[in-house]
Amino acid sequence: MNNLSIRLVAENKKAFLPLLLLGDELESDIEKYLERGDLFALYDSDLKSVCVITDEGGGVLEIQNLATDTRYQRQGYASQLVDHVANHYAGRYERIILGTGEVPGVLSFYEKCGFSKTHSIADYFTKHFDYPIIEDGIVLKDKVYLERRL
């Protein structure tokens, strides 16, 4: 990780769609937040990880998408990106929230990044999608919300 850099991308955000589609399955879902959100890209020689975060008002930011190229997962890139984003907004916002599926590995990752569970929405994924959403071999049912104070 000696060539590591994180950039705030202001233009041509759609160029990052291949990676963003790892975090959200549908381009139409990504389009709902991509232009209004801030896109951060982490490079270590080449692109490794991206994060899109939106201002939800009232001092609250929301991570809409966090994705790491499958070849580079579990190497610390996403956690470095989350910490960078938190430091970038510290002092200007109160907290970062996010919603995700009830997947032990994903929840453990965010908890290691300083997030804690706040609440969940029962049957979110079964009510909002016409097909099963599967992550890490688990069919998603409830949506879990987490937050990290800044």
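In the predicted model, strand 3 (residues 46-57) and strand 4 are paired in the antiparallel sense through 8 bridges. Within this pairing, Asp-55 has Leu-61 of strand 4 as its bridge partner. The two strands form a hairpin with 2 residues between them, and in this hairpin Gly-58 adopts a positive phi near 65 degrees. Strand 4 is also joined to strand 5, in this case by 3 bridges and with the two strands running parallel. Here Val-60 is placed opposite Arg-95 of strand 5, while Glu-62 has Ile-97, likewise in strand 5, as its bridge partner.

Strands of a sheet in general pair through backbone hydrogen bonds, in either a parallel or an antiparallel manner.

The largest pocket contains about 1400 Å³ of space and is lined by 44 residues, among which Leu-22, Gly-23, Leu-66, Thr-100 and Glu-135 lie nearest its centre. Two or more lining residues are given by each of strand 4 (60-68), helix 3, strand 5 (95-101), helix 4 (104-112), helix 5 (124-128) and strand 7 (134-135). The largest share of the lining, 7 residues, is provided by strand 4. By residue class, the lining of this pocket divides into 20 nonpolar, 14 polar and 10 charged residues. Thr-100, one of the residues nearest the pocket centre, is found in strand 5 and is counted as buried because its relative accessible area, 11%, falls under 20%. Thr-100 and Ile-63 are separated by 37 residues in sequence, and their C-alpha atoms lie 10.0 Å apart in space.

Helix 3 (residues 77-89), which also contributes to the pocket lining, comprises 13 residues that should span 18 Å at 1.5 Å a residue, and the distance of 19 Å between its end C-alpha atoms agrees with this expectation. The buried residues of helix 3 include Tyr-77, Ala-78, Leu-81, Val-82, Val-85, Ala-86 and Tyr-89. An α-helix has 3.6 residues a turn, and therefore residues three or four places apart point the same way. Helix 3 is followed by Gly-91, for which phi is positive and near 90 degrees.

Positive phi values also occur in residues other than glycine. Asn-12, which is not a glycine, has a positive phi of about 55 degrees and lies in the loop between strand 1 and helix 1 (17-20). With a relative accessibility of 59%, Asn-12 counts as exposed, the cut-off for this class being over 50%. Asp-136 likewise has a positive phi, near 50 degrees, and is placed in the loop between strand 7 and strand 8 (138-139). The relative accessible area of Asp-136 is 52%, and this residue is therefore exposed by the criterion of over 50%.

Definitions and conventions. Residues numbered from 1 in each chain as written. Predicted model: local features only at pLDDT ≥ 70, side-chain atom pairs only at ≥ 80, totals over all residues. Heavy atoms only, no water. Helix = DSSP H or I, 4+ residues; strand = E, 2+ residues; numbered from the N terminus. Expected span 1.5 Å × (residues − 1). Buried < 20%, exposed > 50% of the residue type's maximum accessible area, 1.4 Å probe, protein only. 1 Å grid on protein atoms, 1.4 Å probe; cavity = no way out; pocket = protein on both sides within 12 Å on 5 of 7 lines; lining within 4 Å. Points joined across faces, edges and corners; volume = space filled by probe spheres on them. Nonpolar A, V, L, I, M, F, W, Y, C, P; charged D, E, K, R; others polar. Pairing = 2+ DSSP bridges.
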